[in-house]
Amino acid sequence: MPGLDKQNDNKHLHDLERRTREGLFICNGCKELGFGNCYRCPWVWFCDYVLHVGCISEGRTPLSNPLFKNSKFQFYQKNPLTVASTCHICALDIQGRMYHCSKGKYSLHPYCATLQTTFSLRDSDMKIKLRRGTKLNFFKSKCLKCDRKNRSSNDVECLSYVSSDGNLCYHVACMKEACRDNWNKGYFRPGSETNEQSKFLALQNLAPKVVLSSVGQTSEVSLITFLKLVVYAILGEPFDLIAPLFQFSQN
């Protein structure tokens with residue numbers, strides 16, 4: 001059986017090699033956004049087959065998730081249901097590989113299934129938590145992207161990353177879309193320009209309802225720290241490619 005650095009995928013002819021890919025990619029397994037660590041075909045000059053680390057089909061064992069207590073999730077190459085399925089974390093459609101619970105209640109994108117429920121970085125005192133809004137656990141603030149407290153699809157609620165004080169909130173689906181949009185605009189690409197103007201535009205795209213003016217004020221430092229944490233939580237881990245977007249010169 002291949003080791004961690006090389007894996008077999010029964011939907012592809014060649015063994016896949018573990019790589020760190022610069023920039024975003026679309027996973028051939030789940031059809032979702034990916035960044036950094038992945039498994040890709042070594043025949044890169046004519047094949048761009050790439051998978052999230054969590055979308056490798058070989059050796060998948062049942063998965064549990066603290067957000068869905070008493071549920072065990074089985075990995076599937078394709079939707080085992082007779083109807084379209086929606087991810088119960090991001091509330092976006094599932095179009096490829098997925099996890100589905102044994103009780104038949106919940107489905108998850110493989111990438112969403114591994115999102116950390118609590119996330120922080122060594123250089124920050126702030127923590128963010130992955131939460132769902134309920135009557136007993138409501139959010140103080142609206143999503144920084146869509147300016148709404150709730151986002152749902154097919155009666156499935158999108159979960160949010162929320163700051164520890166509850167004053168900052170970002171839907172998982174909105175951040176996925178914002179990251180893809182920033183990539184399309186050239187902000188998350190290798191070799192992209194990272195001057196103060198491009199940083200400002202990238203952050204403005206992440207939080208279009210917020211007026212960013214005097215970077216350095218306590219409130220804006222907290223906002224940028226929060227955005228940094230959510231971007232890193234969604235994309236999987238901090239990379240040099242996007243880190244400069246959150247480093248502003250102080251006047």
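Start by selecting strands S7 (residues 98-101) and S8 (residues 107-108), which run antiparallel and are joined by two bridges. Strands here are DSSP runs (E, at least two residues), helices are runs of H or I of at least four residues, and both are numbered from the N terminus. Two strands count as paired if DSSP finds at least two bridges between them.

This is a predicted model, in which local features need pLDDT of at least 70 and side-chain atom pairs count only at pLDDT 80 or more, while totals for chains, interfaces and linings use all residues. Residues are numbered from 1 along each chain as its sequence is written, and side-chain values use heavy atoms, with hydrogens and water left out.

**The hairpin and its neighbour**

Show the residues between S7 and S8: five of them separate the two strands of this hairpin, and Gly104 in the turn has a positive phi of about 80°. Next pick His100, whose bridge partner in S8 is Ser107.

Phe73 stands opposite Cys101 in S7.

Colour the two faces of S7. Met98 and His100 lie on one side, Tyr99 and Cys101 on the other, and all are buried (under 20% relative accessible area; exposed is over 50%, partly exposed in between, with a 1.4 Å probe and protein chains only).

**His52**

Move to the loop between strand S4 (50-51) and strand S5 (63-65), where His52 is placed. His52 is buried, with a relative accessible area of 3%. Leaving out residues up to four places away in sequence, His52 touches Phe25, Cys27, Cys30, Glu32, Leu33, Gly34 and Tyr111; contact means heavy atoms within 4.5 Å.

**The cavity**

Select Glu32, Leu33, Gly34, Phe35, Tyr111, Lys176, Ile234 and Leu235, which line the largest cavity. Strand S3 (33-40) and helix H4 (218-235) are the elements that each give two or more residues to this lining, and S3 has the largest share, with three.

A cavity is a set of points on a 1 Å grid over the protein atoms alone where a 1.4 Å probe fits but cannot get out; lining residues have an atom within 4 Å of a point. A search of the whole structure finds one cavity of 30 Å³ or more.

How values were computed: On a 1 Å grid over the protein atoms alone, a cavity is a set of points where a 1.4 Å probe fits but cannot get out, and a pocket is an open set with protein on both sides within 12 Å along at least five of seven lines; lining residues have an atom within 4 Å of a point. Grid points are joined across faces, edges and corners, and a volume is the space filled by probe spheres set on the points.
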